[in-house]
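This briefing is for a reader who is new to the structure. Please look at the sequence and the model, then read the points below.

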Amino acid sequence: LPDGDGLDDVQQITERWPDMRVIILSAQNTLNTAVRATEQGAFEYLPKPFDLNELTRAVSDGLATRRVSDTALAPGTGAGADDDNQITEDMPLVGRSAAMQEVYRTVARVLSNDLSILILGESGTGKELVAQAIHRLGHRRAHPFLAVNMAAIPRELIEAELFGYEKGAFTGATQRTAGKFEQTDGGTLFLDEIGDMPLEAQTRLLRVLQSGEVTTVGGSTPVKVNVRIIAATNKDLPALIAEHRFRQDLYYRLHVVPVDLPPLRARRDDVALLARHFLEQAAHEGLPRKTLDADAAQLLSLYSWPGNVRELQNLMQRMAVLIREDRISVEAVRANID
């Protein structure tokens, strides 16, 4: 296509043939491509190389369903609609593996709606980065994004942190203080480690999700809030439900759209790409610029990465500082890997 790309033609096709479903096949298999395809109104996006059974399923689904134009972002209203929010390849999510392509497609499909999202994955896989990407590219991006780690807040303070409190509600409450729900009004609230939330706070959170109203600790007048909820956990919530440690009704409220983040050992094809990305990121942050030898990249891809993407990022930052040579060798990796 010497005069453009296929994504630019999707809008013209769907305007001329409103009932036509368009499936995009692209070798540019990044989050950018998935978002653009959805934004332009594509029915489905499949990265190359594609699985024939998956393509057959997509065609069957397209023939069986009526195209609904308002399920996708209207051109000019979604991500990249203004100069300050242009989608670039400098995205928080990096990877071209099949596992990450499924994540990209799910992210692209939820940008134009406010469905609750539950991000599942091991520690260090980048759950908060996914939440940030959904907010940054979605229609709430002009409003606040706040992240709250349930495991990092003392149990007795979680309700006050989330829902706010009135003056005199407890010792030390010298003035009315808005909670995270009020602070995030219009935006996105990311509840990390939701599996560590105490049952009493779960009950109160469920009421907020059902009513859209928050009542502060010590208060009696509810406050209307408009907040998108994205939750995340590395725990088995159904197992916690069976142990009566997590409310089943709250689980179903949060588990509307699940996003399963794969561990790094399940996406080995992405390791070298991520490593070079983190070296470039380190250079932009003022650390010495380094390149990665091909043999070193191969060794990195064979490692098990128990700490997942976070461990790889830490390793690249450490070697950017400690390795004197401009090029990171396989010997340097062996000497520094945990």
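Asp270 is buried, with a relative accessible area of 1% (buried means under 20% relative accessible area, exposed over 50% and partly exposed in between, with a 1.4 Å probe and protein chains only). The model is predicted: local features need pLDDT of at least 70, side-chain atom pairs count only at pLDDT 80 or more, and totals for chains, interfaces and linings use all residues. Residues are numbered from 1 along each chain as its sequence is written, and side-chain values use heavy atoms, with hydrogens and water left out.

**Surroundings of Asp270**

- Asp270 sits in the loop between β9 (257-260) and α11 (271-284); helices (H or I, at least four residues) and strands (E, at least two) are DSSP runs, numbered from the N terminus.
- The side chains of Asp270 and Ser97 are joined by a polar contact of 2.6 Å.
- A polar contact is a pair of N or O atoms within 3.5 Å; within protein, one must be able to donate a hydrogen and the other to accept it, and residues adjacent in sequence count only if both atoms are side-chain atoms.
- Not counting residues up to four places away in sequence, Asp270 touches Gly95, Arg96, Ser97 and Met100, where contact means heavy atoms within 4.5 Å.

**Surroundings of Leu120**

- Leu120 belongs to strand β3 (residues 117-120) and counts as partly exposed, at 22% relative accessibility.
- From C-alpha to C-alpha, Leu120 and Ala232 are 5.8 Å apart in space, while 112 residues separate them in sequence.
- With neighbours within four places in sequence left aside, Leu120 is in contact with Lys127, Thr233, Val259, Asp260 and Leu261.

**Helix packing**

- Helix α1 (residues 6-16) and helix α2 (residues 31-40) pack at an angle of about 15°, and their axes are 8 Å apart; axes are lines fitted to C-alpha atoms, for helices over the stretch in contact, and angles run from 0 to 180 degrees between N-to-C directions.
- That angle makes α1 roughly parallel to α2 (angles under 35 degrees count as roughly parallel, over 145 as roughly antiparallel, 65 to 115 as roughly perpendicular and the rest as oblique).
- The crossing of α1 and α2 is right-handed; a crossing is right-handed if the near helix is turned clockwise from the far one by less than a right angle, and left-handed if anticlockwise.
- On the α1 side, Leu7, Asp8, Val10, Gln11 and Thr14 meet Thr33, Arg36, Ala37 and Gln40 of α2.
- By class, this contact of α1 with α2 has 3 nonpolar, 4 polar and 2 charged residues (Ala, Val, Leu, Ile, Met, Phe, Trp, Tyr, Cys and Pro count as nonpolar, Asp, Glu, Lys and Arg as charged, and the others, Gly among them, as polar).
- The axes of α2 and helix α4 (residues 98-110) come within 8 Å and cross at roughly 35°, in a right-handed crossing.
- Leu31, Ala34, Val35 and Thr38 in α2 meet Tyr104, Arg105, Val107 and Ala108 in α4.
- The contact of α2 with α4 has 6 nonpolar, 1 polar and 1 charged residues by class.

**Backbone details in loops**

- The peptide bond from Lys48 to Pro49 is cis, with omega near -5°, and Pro49 is in the loop between β2 (44-47) and α3 (52-64).
- Glu193 is not a glycine, yet has a positive phi of about 55°.
- Glu193 lies in the loop between β5 (188-192) and α8 (199-211) and counts as buried at 13% relative accessibility.
- Trp305, in the loop between α12 (294-302) and α13 (308-322), has a positive phi near 50°.
- Trp305 is buried, with a relative accessible area of 1%.
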